[in-house]
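Please keep the structure open beside them as you go.

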Amino acid sequence: MRCDAAISDDKIAPTLTSTVMILDTLQQTSATHFERYGTFLNHQMVNVLKTLGFDRTYVRGEGQYLYDSDGVRYLDLLGGYGVFAFGRSHPTIVNRLKEALDATLPNLVKFDCPQPAAHFAERLAPRMPPGLEKFFFCNSGAEAVEGAIKFARIATGRKGILYCDHGFHGLTTGALAVNGSAIFKNDFQPLLEHTAQVPFDNVDAVANALKSGDFACFVVEPIQGKGVHIPSDSYFPQISRICRDFGTLLVMDEVQTGIGRTGTFLSLEHWPGTEPDIVTMAKALSGGFIPVGVIAMRKWIFEKMFSNMERSVIHSSTFSGNDLAMVAGMASLEVLDEGNYVERAAEAGQTLLRKLRESLHGLEFVRDVRGMGLMIGVEFGPPKSLHLKAAWSLLDAASKGLFCQMIIIPLFRDFHILTQVAGHNSYVIKLLPPLTLSAADIDTIAHAFRATVTDAQRFPGAIWDLGKTLAANAIAAKTHR
């Protein structure tokens, strides 16, 4: 094919031809796929993976495990950023999608009312907070947030959007405008106008901002993904009342926290009295196969957007409500219920949290272990010992949060556990494992964290040799910006 001919290095051949099956081609070219990826896609991601030693060729995924081309099994605590709530390749979801493909459904007619979408919405409705009875389907969490902003503006007649520091709602330009991290935003200004930021878990800041009467909505995550920040018990019930008093819609972003992740269907259920006007969901609803997002809202909000027949397509999306996405969503709800995954997430999360706290207790670098269900953050900070504090300071001067990378690399290399830092310049390692996590997996995680962080307390030592390499790479990267 023409694209492969553009690669100068002959070793990347063979190429895909009409006589070679796709799976055969993937197997034959697995040894060179990083070169191919770097040529046509994100070459900097290739550089990152090779620098950190994460350059593995994964060939299979089942449940909470990944398998590479050498047959090594990895425990996946990244979970596709929360997509694989039910693990990879769940047989029920696979079979439902096969059934849908075999049925040759009349997909994406567009000038119709697709039956699978109606059934999926009907099954979602009883799981929603009271009053949220209308749905709009889309393709991702970012698109759901973009849509929520439009619905809020048309419903209220206002322009302002309030959001929280450290919040994350997607990287498309509208969602980016309500992102609390400058690293993602600075190069793309100007973004959406009429936005304002307040501290997370600060009721007074929200109340003071809303007094102006300019804000259409307050967009907020129940638990912030960038750092696993959990609010105080009274925060969301009070915010609900304040938003209602000032005529501002409360938009709760459950893209990562929803669908059983924290031990309830929606994370907001942990705080009785929380009354959102709009909820966005995605990720786990896909079952890990067909992208799907959804905006759930109050009927009056929906009817402001679609107020007459002429406006029936005023907000739309080409792949919205496509049959395979709807089937994947229904299958995910089926699996969620039959596998008791909400209860399993609550129980496994409590056990993992307890065992991590026990195993990391007394270690100098550990500041906090927190979470809800199977959304857990391990936070690190400067130690008290002078020699360790000096080592920490040198590492941190090279790049903030670099200590976390010094932990995740040996977790991956020595224990075959895939994790990642919770965000840019973050001191938190976030765990978002599939809800299929076993008791043996939990013991493995607790042991691996204990062993790795204990090694970090030995200075000098092998793990600090790794730290020197990471620091040198970070300094070199700054020099070449």
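1. Helices and strands here are DSSP runs, numbered from the N terminus, where a helix is a run of H or I with at least four residues and a strand is a run of E with at least two. This is a predicted model, in which local features need pLDDT of at least 70 and side-chain atom pairs count only at pLDDT 80 or more, while totals for chains, interfaces and linings use all residues. Residues are numbered from 1 along each chain as its sequence is written, and side-chain values use heavy atoms, with hydrogens and water left out.

2. Please begin with Y37, which is found in helix α3 and is partly exposed at a relative accessible area of 34%. The terms for exposure are set with a 1.4 Å probe and protein chains only: buried means under 20% relative accessible area, exposed means over 50%, and partly exposed lies in between. Together with F40, L41, M45 and V48, Y37 makes a nonpolar surface patch of about 450 Å², and the elements that give two or more residues to this patch are α3 (33-40) and α4 (43-52). A patch is made of residues with over 30% relative accessible area and no salt bridge, with nonpolar side chains (Val, Leu, Ile, Met, Phe, Trp, Tyr) joined within 5 Å and like charges within 9 Å. The areas come from the Shrake-Rupley method with a 1.4 Å probe, and for residues only the protein chains shown count as cover.

3. Which side chain of opposite charge is nearest to E254? It is R261, 9.7 Å away, and E254 is buried yet has no salt bridge, a term that requires a side-chain nitrogen of Lys or Arg within 4 Å of a carboxyl oxygen of Asp or Glu. For charge, Lys and Arg count as positive and Asp and Glu as negative, whereas His and the chain ends are not counted. E254 is found in the loop between β8 (249-253) and β9 (278-281), and, leaving aside residues up to four places away in sequence, E254 touches P222, L266, S267, L268, V279, T280 and M281, where contact means heavy atoms within 4.5 Å.

4. The structure holds 21 aromatic pairs, one of which is the tilted pair of F403 and W464, with 6.4 Å centre to centre and 50° between the planes. F403 lies in helix α17 (residues 402-415) and W464 in helix α19 (residues 462-479), so this pair ties together parts that are 61 residues apart in sequence. Rings of Phe, Tyr and Trp (its six-membered ring) pair if their centres lie within 6.5 Å, and planes under 30 degrees apart count as stacked, over 60 as edge-to-face and the rest as tilted. F403 counts as buried at 3% relative accessibility, and W464 does too at 4%.

5. Most residues other than glycine have a negative phi, and most peptide bonds are trans. D201, however, has a positive phi of about 65° although it is not a glycine; D201 sits in the loop between β6 and α11 (203-210). A cis peptide bond, with omega about 0°, joins Q189 and P190, and P190 lies in the loop between α10 (182-185) and β6 (195-198).
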